[in-house]
Structure formats: structure tokens, C-alpha cells
Amino acid sequence: MKPRVVVIGAGPAGLTAAYLLSKQGVPVTVLEADPSHVGGISRTVMYKHFHFDIGGHRFFSKSQAVEDLWTEILPDDLLQRPRSSRILYRGKFYTYPLKPVEALRNLGIIEATACVLSYFKARLNPVRDPRNFEDWVSNQFGARLYSIFFKTYTEKVWGMSCREISADWAAQRIHGLSLTSAVLHALKRPERSNRKKVIKTLIDSFRYPRRGPGMMWQAAAAKTRAAGGEVHLGHRVTAVSRNEATGTWTVTAEKRDGTRVTIDGEHVISSAPIRELIAGLSPAPREVAARAAASLRYRDFVTVALILDEKDRIGDNWIYIHDPGVRVGRVQNFKSWSPEMVPDPALACYGLEYFCFEGDGLWTSPDEELIALASRELVRLGLAKEGEIKDGCVVRQKKAYPVYDDSYTEHVAKVREEIEARYPGLHLVGRNGMHKYNNQDHAMMTAMIVAENILAGKTIRDPWLVNQDAEYHETERLVPTRV
């Protein structure tokens, strides 16, 4: 008989696993807390026929298997879009990745020379074994460029000093990119035919669903149901229990009306935040693992979508805001992602992103105050003028980013060890499920591996070995079979 599988969370990881398993006839039940959306942070929100993305999601991967799966799920609605992003610093725009001639012109000869000298100093005398974000980026770009183009934005995102942020985050988000690679890219475009040679930060085009990433995950949910799987929205998981005698699992979820449902299975795939999963796990984890899970932190953010007159001031997908005088960290231009995101060509829709912690002043501010703040800051940045902004709405996103502080690796290792030793049949996938700052394709790859293992009845591959480029390590180790 096929094993029964319960999936917690209908984001990219959860739905990828559910779809692949249901195609093979495995009974799958997906439980999603959101009452109306699938896709997690990769969902699409609609307001008065305007569609907007929560965070911006490029559909590009070095993994051909992931690219093929996107095509299979959404074969007729993927657009090929140009990739354009810039940094706004002291009132001037800088293409990102940096273009040397443009940077020289904007910074001025004195500042640009100081940046180049700082870079050579870092190459000749790098910080050995960099452990924090500041040291890692300074090694790659020099301390001067780090302070101009990385420090302010990064500290807005995380709400802490760059010296408190693990170097792991820099290595994942800026993998393979340095000042040298940016210069070489500007001089000679990488071959598009060999995706594995392209540094992700340097890609110049990507695919995108014509009405936002939510289209992909709505289609994945529909295909899962068509294959016999179940996808239940408005079901918040409250407990995950293992029967020691039978080895089976029972997942308890609470519906919006307060009623509870239980689903049994031989396997549980969880993309829920580790902190929440461990708190509801039974038998109770040992104290060392429980403390480790409780110590993991998350960063939340608020998107303020503003509808305004189209003045063609920016054509970018997004702009990084490096001005410490405003609280906004990034501005999305949804029409640049896809023209179909905005119903009226005479209007534009910008998403201003504010990074915060759940419960702080930004998070708890009334929507009217947040819309007013975003409107003022958009005008201050020169991206709009008074009277052009017509409307706005606010979307709050909990646990958008696992925090990569200097102790997160130790905490995750303890949780992982506990699960592997005491909870066979429980599988962690995705960004929050593994507390790894995964891109969408990385999260999908972890789910693809877990689905493969369940279908095989043994561990073929280890999802924890998926690296930052959604590839397997060449020397992949096999782990003891626990399925």
C-alpha cells in the first residue's frame, strides 16, 4: 500500500511535495493556515484588480528539474521578463550588480578611487575565516563599497548590526559575486546556454507568471486535487503526534470556526517554522532541542502597495533603498514584473517593503498610518510627486525571513539531530521548515528530494545537502535510512 502523507503548509515546498506524491498515487493531505491563499510568501494578493507579489519572486533556477516542473505546472502562463534592479543612494541610481563606469560617474573620481583601493586592500589582506556579514562582504568588495552599497539596506532588513549577522547569509544571497565578477560580467556577458555558469545575481532575464507567482501555486494545488490529493485552507496545525507503538502520525488542525480535525499518516512533511513545529510535537522533544527551537528568530515585513499615476519614472523590477533617512527598504514596481499585474495602463503600482518584528511599532501601526508613511517616503525619494498617489493597501507577512544570527547554526543542528534520532517519518522542507534562507527553487528542491525518498521507501538523497544554488553537492553522502 502507498504510504499516507500529511503536508503542513501550502507554500512552494509543501505544494511541490504534495503534487509530486499525488501524481504517483500517494494519498496526500495538505493543511494550510491561510483561509484564502496558497503559495505562502510566494502568493499573489489582489486589491481592486491590482495584483502584487509579496517580496518579489523570480522564476530562474540552475536546476533544470525545477525549471521543468514550473513548465509542467503552468505551461501557458509564464512570461519571459527582463531583470532590472538598482540601488538608490544619495539621490542617484546604481545598477545592481554594479557597473564600474556608472559607479565611477555617480560616485565621482575621488570616492571611486577610494573604493578601488579599498577593494585591493581587502584582496591583499582579507579577514581570515569571516564569520559575520560585514567581514564576508568586505572581503568580496572592500570595506568602502560594503559601507555604501550593503550596510544600510542589510541592517534595515534584519534590524541588527551587520556584525551580528552570520556570514552564511551573505554567502547564500551573494554567492559567487565579487567586484571582479561584476566587472567581468559588464565586459563579457555569460553564455545563457549554460545556466550553471551564470551567477544568479547576474542573470538578465527570468520567467514570471503573467498575474503573479500565486498563479503557479494555485495551479499546483489544483493539479494536486485532480490527482486525488487534498488541499485544505483555513486549517492551522496545532499538534503533530507520533504513535510510538504503530509508528504512525496524527496531525491536529484547527479550522476558522474553532472545530478541530485530525489527519493520520505514515509521513509528515513540514514547511512550518521550526519553532512552531517543535512546540506542538509529541512525544515532547528533549529540553536541549526544545530550547534550541525556541531560540530561533524570524524577521517579518509589511508591504504597502501604492496605486499612482504612471509617469514612467522607473522601469526596474525593484529598487534597493540605501537612504538611512527613510524606513522603507525596497520598492517593487509590479508592472515591470508583468504588465498584467496592473489593470489600467495609466496607473502604476509600487510595493514599499518595511522590515520589522511582529508586534513592534511598524507592525502594529494602523493601515492608514502606514499608507501615509509610504506615500511621504515615496515622494521624498523622488519616485512620486504630491497628488499622484491615488490609493493604497497593506499586507503583513509573518516570519518572512529566518534570522541568520551568530547562533542559528548551532540551534538548527540540535533540532535536526533530535528529529533524525527520535521522529522517523517527519521531514523538514523549505525556508522556514529548515530555517534556511532558501530561494523558491531551493525550497522546491528540498521537497523534491523528500518526495523521492518517500516513494523509494528509503533515503536516496539528503535534502539538507541542497546548497544555495539548488544543486546537489558532488560528493553527496548518504544518511541512514529512517523512512
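Me: What covers the buried residues of helix H12?
Reply: This is a predicted model. In H12, residues 287-295, the buried residues are Ala-289, Ala-292 and Ala-293. The cover over them includes helix H11 (274-279) and helix H16 (408-422).

Me: Around the axis of H12, what arc do Ala-289, Ala-292 and Ala-293 cover?
Reply: An α-helix has 3.6 residues a turn, so residues three or four places apart point the same way. Ala-289, Ala-292 and Ala-293 are buried in H12. They lie on the same side of the helix, because their arc around the axis is only 95 degrees.

Me: Which exposed residues does H12 carry on the face turned away from its buried side?
Reply: The buried side holds Ala-289, Ala-292 and Ala-293. Exposed means over 50% relative accessible area. On the face turned away from the buried side, the exposed residues are Glu-287 and Ala-294.

Me: How many residues of strand S8 are buried?
Reply: S8 covers residues 205-209. Ser-205, Arg-207 and Pro-209 point one way, Phe-206 and Tyr-208 point the other way, and all are buried.

Me: Which residue of S8 stands opposite Leu-78?
Reply: Strands of a sheet pair through backbone hydrogen bonds, either parallel or antiparallel. Strand S5, residues 78-82, is joined to S8 by five bridges, and the two run antiparallel. Opposite Leu-78 stands Pro-209.

Me: Which are the edge strands of the open sheet of seven strands?
Reply: The order is S7-S6-S16-S17-S18-S15-S19, with mixed pairing. From one strand to the next, the twist averages 25 degrees. An edge strand here pairs on one side only, and the two are S7 (92-95) and S19 (389-402).

Me: In S18, which residue stands opposite Val-331?
Reply: Strand S17 (residues 330-333) and strand S18 (residues 347-356) run antiparallel. Four bridges join them. Val-331 faces Leu-352.

Me: How many disulfides does a search of the whole structure find?
Reply: A disulfide needs two cysteine sulfur atoms within 2.5 Å. The sulfur of Cys-115 is 16 Å from the closest cysteine sulfur, in Cys-162, so the gap is too far for a bond. Cys-349 is in no disulfide either, with the nearest cysteine sulfur, that of Cys-393, 7.1 Å away. The search of the whole structure gives zero.

Me: Is Cys-349 buried or exposed?
Reply: Buried means under 20% relative accessible area. Cys-349 has a relative accessible area of 1%. That is under the cut-off, so Cys-349 is buried.

Terms used. Residues are numbered from 1 along each chain as its sequence is written. This is a predicted model: local features need pLDDT of at least 70, side-chain atom pairs count only at pLDDT 80 or more; totals for chains, interfaces and linings use all residues. Side-chain values use heavy atoms; hydrogens and water are left out. Buried means under 20% relative accessible area, exposed over 50%, partly exposed in between (1.4 Å probe, protein chains only). The arc is that of the directions from the helix axis to the C-beta atoms. Contact means heavy atoms within 4.5 Å. Two strands pair if DSSP finds at least two bridges between them. Axes are lines fitted to C-alpha atoms, for helices over the stretch in contact, and angles run from 0 to 180 degrees between N-to-C directions.
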